[in-house]
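Please open the structure in your viewer and keep the selection panel at hand.

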Protein chains: 2
Amino acid sequence: MSPKHQGTDETVARILTEALRVHAERGHEGFTMKAVIAATGMSSGSLYHHFGSFDGLAAALYARCMADLLDTLLDALDGITDAQEGVEAATRAYLSFTRERSDAARFIHTSAYAAFLPEHAAVIAELKTPRIAKLVAWMVPHVAGGRVARLSPVMMEMLLIGPVAETARRWLSDPSAVDLDEATAVLPPRIWASLQP
Amino acid sequence: MSPKHQGTDETVARILTEALRVHAERGHEGFTMKAVIAATGMSSGSLYHHFGSFDGLAAALYARCMADLLDTLLDALDGITDAQEGVEAATRAYLSFTRERSDAARFIHTSAYAAFLPEHAAVIAELKTPRIAKLVAWMVPHVAGGRVARLSPVMMEMLLIGPVAETARRWLSDPSAVDLDEATAVLPPRIWASLQP
DNA sequence: TGTACATCAGTGAACGCGCGTTCACTGATGTAC
DNA sequence: TGTACATCAGTGAACGCGCGTTCACTGATGTAC
């Protein structure tokens, strides 16, 4: 619709990619506007032009990481019709995302508590809501068919991602504290068990 | 051993109590040395005298909150010999701690990612380790007796506290997003199911 | 086609602010002899 | 008992630093007529 100069989206994507690297390399304390400016080689004015504020940049990055994670779960469910197989595939996908995209996983878990400004929260919801809806839609027939307990979506989510999210958090803060291979083997069937009618 | 002036421990406790209130009222962003100084009415020098640094104060507060949480779980297990009854009591205790001591719960969950300086981490471990050991000790005979699956302590912890910790986090960031009463009814038996041999 | 104007990505020096921290100090209490 | 000294809780003005943010600007590209 509105005319976009060539390279705008690419610039935004490049800034976010560099910002994620800064966060991974320098930690949450070292994740500052100054550090992102230094890493991208861009000017502060340019970052403000694209994101409005540092909070806006962080929210955009969070939205992108969260969308990546949810897409990973959706990909894992793609084509799977068996309820148990799907639940176990999704939980394994969560753990493998944690390992393989640990930068994104770290940013998600670190920022989950940082309340973004309302306007930025809306941008996040815009990316998040449709993906969550797809996940719920996958589950619906299995609940209707009596293969999964009839729980509220929130309780379902707590039981499904609680153990793997906690495992991810623990591993991200200390990789020696928990073995991801062990978690991948142990957790999925037990999470499935917790969802039985 | 070393002579202590009257009131020292009381002063430290009072500072920590006020610091927790500051964190609850002003949020993580507003949790600053300046704000704690204003809330306690003490001087910055006095806070440095007792805690060495702001990181030291935060670590001491985290240690106290975590000890309170673990003591709550231990109290819930006190006198219970049945495995299922104990597991369900502990998970319910976690949720009721979240509701009733929400300031402490919020500080725990917010700080869990903030890596404290090594020296302060040691102080935390000193309070935490013996309590974790007691929890593990409670579980041992039930594993030996075949009533609970023979899992590594970490996996056991992920399955046990994963769903309730995730519920707590969600509720703390948005109380309307999850119903703690529902969680108290729904989660305990399902967590128990996930621990079956 | 040429000219004038609008749009927008990107620049970078400068800003004020609030942060954690320092340090020379006071005064009350405990200890030695 | 009295005197001298040590210890330690607590004071508060002052510090430097790095933060997010601002703003007047440049220059390339798109649009109108």
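Which helix gives the most to the surface near DNA strand D? Select H3(B): with five residues, this helix gives the most to that surface. Here a helix is a DSSP run of H or I with at least four residues, numbered from the N terminus, and a residue is near a strand if one of its heavy atoms lies within 4 Å of it.

This is a predicted model, in which local features need pLDDT of at least 70 and side-chain atom pairs count only at pLDDT 80 or more, while totals for chains, interfaces and linings use all residues. Residues are numbered from 1 along each chain as its sequence is written, chains are lettered from A and ligands numbered from 1 in the order written, and side-chain values use heavy atoms, leaving out hydrogens and water.

Next, display the 18 residues around DNA strand D; those that come nearest are A:Tyr48, B:Gly45, B:Ser46, B:His49 and B:His50. Of the atoms of DNA strand D within 4 Å of the protein, sugar and phosphate account for 61%.

Now select B:Thr11, where a polar side-chain atom lies 3.1 Å from a phosphate oxygen of DNA strand D. At A:Met33, a polar backbone atom is 2.9 Å from a phosphate oxygen of DNA strand D.

Finally, move to H8(B), residues 153-173.

Technical notes: Helices (H or I, at least four residues) and strands (E, at least two) are DSSP runs, numbered from the N terminus. The expected span of a helix is 1.5 Å times one less than its number of residues. A polar contact is a pair of N or O atoms within 3.5 Å; within protein, one must be able to donate a hydrogen and the other to accept it, and residues adjacent in sequence count only if both atoms are side-chain atoms.
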